[in-house]
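Morning, everyone. Let me put the model on the screen and walk you through it.

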Amino acid sequence: MELHSLKDSFDRVAKKRKVSYSKTHEVTDLIVQEINKAIKVMQSSTLEYKSELAELKKKLQEVSPLNQLEGAQKELNIALIKYPKALEKVFNRDISKAYQNIEFDSPIVNQIIASHFYRQGLFEVGDCFIAEAQDAEAAVAMRSLFQELYQMLEAMKSQNLEPALKWAAANSNKLKENGSDLQLRIHHLQFVKILQKGSRDEALKYARTNFASFAGNHMAEIQKLMGCLLYSDRLHESPYAHLLSPTNWDTVTDELTRQFCNLLGQSYESPLSATIAAGIQGLPPLLKFMTVMAGQKHEWQSMKQLPVPVELDKEFQFHSVFVCPVTKEQSTDDNLPMLMSCGHALCKQSINKMSKNGSKTFKCPYCPTDIDLTQCRQLIF
């Protein structure tokens with residue numbers, strides 16, 4: 001990757017600077033040492049200083065500070081000159097050539113930005129943005145929802161689980177439908193917190209009150225927690241010491257945020273953050289392609305699809321892509337996938353060609369079913 005070469009360039013600059021720094025100190029120390037020697041001699045001598053100064057000059061010439069420093073400093077200067085060029089090569093400051101003229105829906109964009117601030121807990125910044133944008137009122141509803149989340153997260157920072165427990169209890173059915181054991185994990189933390197204080201009886205009472213409904217699916221975990229009761233006064237020295245790890249709180253905090261967003265129909269990651277991260281990853285190959293296109297004097301603004309793939313990591317692959325098994329081409333807005341009566345799918349243009357634009361039936365390429373164009377329906381990808 002290009003960033004590796006940039007790191008190598010930076011490491012070279014750092015290494016040359018370190019060598020130059022060490023050499024400068026070494027030469028400076030020699031000069032100071034010779035001057036101090038000369039001062040001591042002059043202080044103890046009754047002779048004129050002229051001879052001592054001449055001797056000092058001779059020794060300093062032998063040290064030759066400029067000659068010693070010149071080589072190291074020259075290498076450092078060369079590395080410093082090359083580094084900005086490496087930066088410009090990797091971080092192309094002009095990204096306008098990869099820009100395609102698209103009309104954005106300003107209210108929607110403003111709503112996404114305002115929602116992003118609220119998702120991050122930056123409520124004052126979000127309010128300020130809405131006030132200045134004057135058209136992001138739809139994001140105000142998001143504010144109150146995420147304010148509830150951050151009140152729970154702030155309480156958990158001080159190990160107060162009450163708000164989270166109330167929210168999990170109110171949404172227990174929905175959490176079960178999602179296959180989440182978040183409610184039990186919060187009870188888990190509360191149980192360990194009580195036991196950590198040495199209150200074994202109180203911890204046992206809490207377990208009897210809150211763990212019974214989870215026994216059917218989580219008996220092994222509950223049994224482990226019951227084993228902790230034997231070490232209530234020395235839990236940190238017991239086989240269950242790992243239950244005291246702060247990472248347990250971090251894990252539950254992440255799961256709470258994930259499930260909260262899930263129940264709102266929102267993604268765990270901010271859509272704005274995901275979009276920018278995907279853009280950063282896809283921009284370098286896109287800029288290279290644009291450079292080639294510009295060199296060949298080709299115009300890409302009117303293209304609906306790039307002639308080269310821009311690979312993104314799996315974390316940015318949210319939607320399916322349909323490739324017609326007949327033409328081996330990816331579907332487009334003008335050539336959408338169609339579901340046939342037999343359950344197989346082809347692109348619209350392939351179906352039109354095989355049916356002579358609906359004038360006759362045709363056999364599915366996968367099975368012997370006779371297909372009528374009027375029975376095909378569009379698929380949404």
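Start with the sheet. It is open, has three strands in the order β2-β1-β5, and pairs antiparallel. The edges are β2 (345–347) and β5 (377–378); each has a single partner strand, so one side of each has no neighbour in the sheet. Strands here are DSSP runs of E, at least two residues, and helices are runs of H or I, at least four, numbered from the N terminus. Two strands pair if DSSP finds at least two bridges between them.

Some ground rules. This is a predicted model: local features need pLDDT of at least 70, side-chain atom pairs count only at pLDDT 80 or more, and totals for chains, interfaces and linings use all residues. Residues are numbered from 1 along each chain as its sequence is written, and side-chain values use heavy atoms, with hydrogens and water left out.

Back to β1, residues 337–339. Three bridges join β1 to β2, antiparallel. P337 has C347 in β2 as its bridge partner.

Now the wider layout. The domain assignment, automatic or from a database, gives domain 1 (3–90), domain 2 (109–264) and domain 3 (323–378). The C-alpha centres of domain 1 and domain 3 lie 78 Å apart.

Last, Y99. Where is Y99 found? In the loop between α3 (65–90) and α4 (106–119). Y99 counts as partly exposed because its relative accessibility is 44%; buried means under 20%, exposed over 50%, partly exposed in between, with a 1.4 Å probe and protein chains only.
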